Amino acid sequence: MDVEILSRIQFAFTIAFHYIYPPLSIGLGLVMVFMEGMYLRTGQEIYQQMTRFWVKIFALIFGIGVATGIVMEFEFGTNWAVYSRYVGDVFGSALAAEGIFAFALESGFLGILIFGWNRVSPRVHFFSTIMVTLGSMFSAIWIVVANSWQQTPTGYHIVGEGMKARAEITDFWAMVFNPSSVERISHVWSGSFLAGAFLVTSVSAWYILKGKYIELSKASFKIALSVAAVTSLLQLFTGHKSADVVAHYQPAKLAAMEGHFDSLKAADLYLFGWVNKKEQTTTGIAIPGGLSYFVHGDIDKPIRGLNSFPENERPGAVNFVFQTYHLMISIGMALIALSLYSVFLWWRGTLFDKRWLLWVFVWAVLLPQIANQVGWYTAEVGRQPWVVYGLLRTSDALSEAVTANQVMFSLIMFTLVYMLLFALFIYLLNKKITHGPYDHHDDEHSPRHMEMAGSFTSEHPTEATPAPRGKDSESI
Amino acid sequence: METFAGIDFPTWWFLVIGAVFTGYAILDGFDLGAGALHLFFNKETSRRTALNAIGPVWDGNEVWLVIGGGALFAGFPEVYASLLSAFYMPFMIFLVALIFRAVSIEFRSKEPMLWWRKMWDISYCLSSGLLAFLLGFILGNVAIGIPLDKDHIYRGDFADFINPYAIMVGITSLSLFMMHGAIYLVMKTEDRLYAKLTIIVRRTTIFFVISFVITSFYTLLYIPHLVDQIHNSPGMFILPVIMVLAIANITRQIAKRKYLLAFLSSAVVISVALIIVSLELYPTIIYSPQTPANSLTVYNSASSSKTLGIMLTVAAIGVPLVAAYTTFVFWTFKGKVKLDETSY
């Protein structure tokens, strides 16, 4: 295998793995804000208990998200040096802004969120929860801005030629608000909210089914379900907006998403199907003229098909793009149906009576995850063969100084490390969930245990300065 | 070229990135150093206390690396691209060590089994030590330079990196961070662990002074381009003087048990060391020894003036904010470590 395919596999693998975690952080963060907000409003212990429980799970998710995220920041330079030189002026700015405005905010307050329960007042803790959540949402803004610029570049000009060509910013705000930014950020946010909300409903449904922590789980479930119901609808809206942008700015991607080849024909909207690239046919269940209707408001108007693009300017993996896109949409629809039906039952007062529905919720945690993943596959594979749409080809963007052997080595290393990481993540997540929201059986962590172990040596309030004074004689 | 306060934008940005990486070295330096000392603590409570001394802050400290990486990408894309692709293997190992370190801190406390905790203790200690070493190792290689062609693409192989100077700088950074971390831990602990750390502090200080002296002589004798600036402008001799005084002050404050002042002095040592290296390199960032014309300088590798101007505004808004909540978090967790139910 050559450097290009290895680097692409490595980037795809590391980013896909990373992307399990940030959406969960963002979504769970939002749910925690509501939980803790309810605690401050009502003063009921149960809300504090659930917040504390989810903060622990948040910490686990966040930790892996950070560890795998730092890899991404440096992988542009290690594996895609030409790309980094080409886009640094534009893309680097967004990435630096992410670091300083978003990541610093979330990591700074994370310490208080996790360890600050006994150190700060409930209000300051709540403030920290909000800051961590906002930080993770700001993070998404800058990262998606950077990626959106790759999809629909604006606010730049090209300086130099050939290998020396560079994109330079001409208008910062035009770069930030490039044509796809707002739509894609809101789409990513909604996807993240769904990921977090469905994690909470999943665990809560499982507790209810097992007859454990019933009161707490029902309350958590309702908070998360509210978030899920609103954002699943929001997702339909932002998804439609994003598709509009693709139709307008990336017609080759749109054609691949719907498996549309012939430019003279109106385009159908498939519910599901199969694309045969060789025969240039797409078979499946479709709404005739549906895509034409969505794009032009007219079912007979032709849509530009894949055939009208030169072979080297359209995505190669048409069926892959088609399938991932349709899987995302099907899941989105299923989530809307599931959450609206549950809200209806809630209104009827029978939400927790149907065991089958709770079992559906237990497993539904996977659905937003899958949808988030395949949605990005559609966006990124559909952009091929470009890394920056219409400007820089993926095959031209590699590091010249890196050999296939080196990438093979790092790819194997990442595969092993991430497999281990994922196994540990699942194991510990499962353990935390089995352990439940209450701590009194947990000897290892209870203050009483520590007292017996002699760790609580001082009952005095903490000193004003970190430097120890006057305690030395007794210690040595 | 656009200037601000008489200094051109690329130089400003060089200063900003230098400041961010210095901040990173001071902050992550102490938690990497604390990690590298981890296996010297034998009792479970000692290890937990040491881990929780950095618990609430290590993640925030690592942010400075993320900001530094992003700032380098934005300000000097050529350097970011050439440096990272040239140092492919060291950086990959660096990244994996970062992952192992993060998950060791995170996972250690999640199971009570002895083997589990021991495993993560070892992984935490080794990865912390490796990171502290690699930071110096990469800095050492950057300081002596790497072969670049006219397109600033690295032309050499992995074996070039493994040279005595880079290894020596790596050992020095490891010893510096171990001392820095030991001083931090001594401020955060009490009783027997505190007593043990007062001994470790002295030993790590000796370790640092020895590696520092050897590395300094090595540089003076064999790496002329790293001393010519100070050689040519004697006024700058003040920097090595400050450095030596700061090191002397560390030992003095340790003897007086004023550990906060010792900690500040070791922060000064880290800062002055990086200032000297930056001064000696400037305006070059990546030096190409065989063909100096191919070197990457702040001028031939910088982003456009427009971007640098935007990024300076971003930094002017962002850095005070980051400094503010970093201070707030450190203030919240000030004083000795108290283990409670939220601890690792």
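1. pLDDT is the predictor's confidence in each residue, on a scale from 0 to 100. The structure is a predicted model. Chain A has a mean pLDDT of 86, with 92% of its residues at 70 or more.

2. Overall form of chain A. The chain holds 16 helices and 6 strands. Along the principal axes, the C-alpha atoms of chain A fill a box of roughly 85 × 60 × 40 Å. Buried residues account for 50% of the 476 residues in chain A. Of the contacts in chain A between residues at least 6 apart in sequence, 75% join residues at least 24 apart.

3. Overall form of chain B. Here the secondary structure amounts to 12 helices and 4 strands. The globule rule gives 20 Å for 344 residues and the radius of gyration of chain B is 20 Å, so chain B is as compact as a globular protein of that length. The C-alpha atoms of chain B occupy a box of roughly 55 × 40 × 35 Å along the principal axes. Among the 344 residues of chain B, 55% count as buried. Residues 24 or more positions apart make up 77% of the chain B contacts with a separation of 6 or more.

4. The contact between the chains. Chain A contributes 77 residues and chain B contributes 73 residues. On chain A, the elements that each supply at least two residues are helices H3 (45-79), H4 (81-115), H14 (404-435), H15 (447-453) and H16 (472-475), together with strand S2 (166-169). H4(A) gives the largest share of this side, 25 residues. By residue class, the side of chain A that touches chain B divides into 40 nonpolar, 24 polar and 13 charged residues.

5. Helix H12 of chain B. This helix covers residues 305-332; at 1.5 Å a residue its 28 residues should span 40 Å, and the end C-alpha atoms are 40 Å apart, which agrees. Its buried residues include B:Ile310, B:Met311, B:Val314, B:Gly318, B:Val322, B:Tyr325 and B:Val329. An α-helix has 3.6 residues a turn, so residues three or four places apart point the same way. The cover over the buried residues of H12(B) comes from both chains: it includes H4, S2 and helix H6 (172-176) of chain A, and helix H1 (9-36) and helix H3 (58-75) of chain B.

6. A hairpin in chain A. Strands S3 (residues 269-276) and S4 (residues 281-287) of chain A run antiparallel and are joined by 7 bridges. A:Val275 stands opposite A:Thr282 in S4(A). The hairpin has 4 residues between S3(A) and S4(A), and A:Gln280 in the turn has a positive phi of about 55 degrees.

7. A:Glu36 is 107 residues away from A:Ile143 along the chain, and their C-alpha atoms are separated by 28 Å.

Notes: Residues are numbered from 1 along each chain as its sequence is written. Chains are lettered from A and ligands numbered from 1 in the order in which they are written. This is a predicted model: local features need pLDDT of at least 70, side-chain atom pairs count only at pLDDT 80 or more; totals for chains, interfaces and linings use all residues. Two residues are in contact if their C-beta atoms, placed from the backbone, lie within 7 Å. Ala, Val, Leu, Ile, Met, Phe, Trp, Tyr, Cys and Pro count as nonpolar, Asp, Glu, Lys and Arg as charged, and the others, Gly among them, as polar. A residue is buried if 20 or more other C-beta atoms lie within 10 Å of its own, exposed if 12 or fewer, and partly exposed in between; C-beta atoms are placed from the backbone. Two strands pair if DSSP finds at least two bridges between them. The radius of gyration is taken over C-alpha atoms; the globule rule is 2.2 Å times the number of residues to the power 0.38. The expected span of a helix is 1.5 Å times one less than its number of residues.
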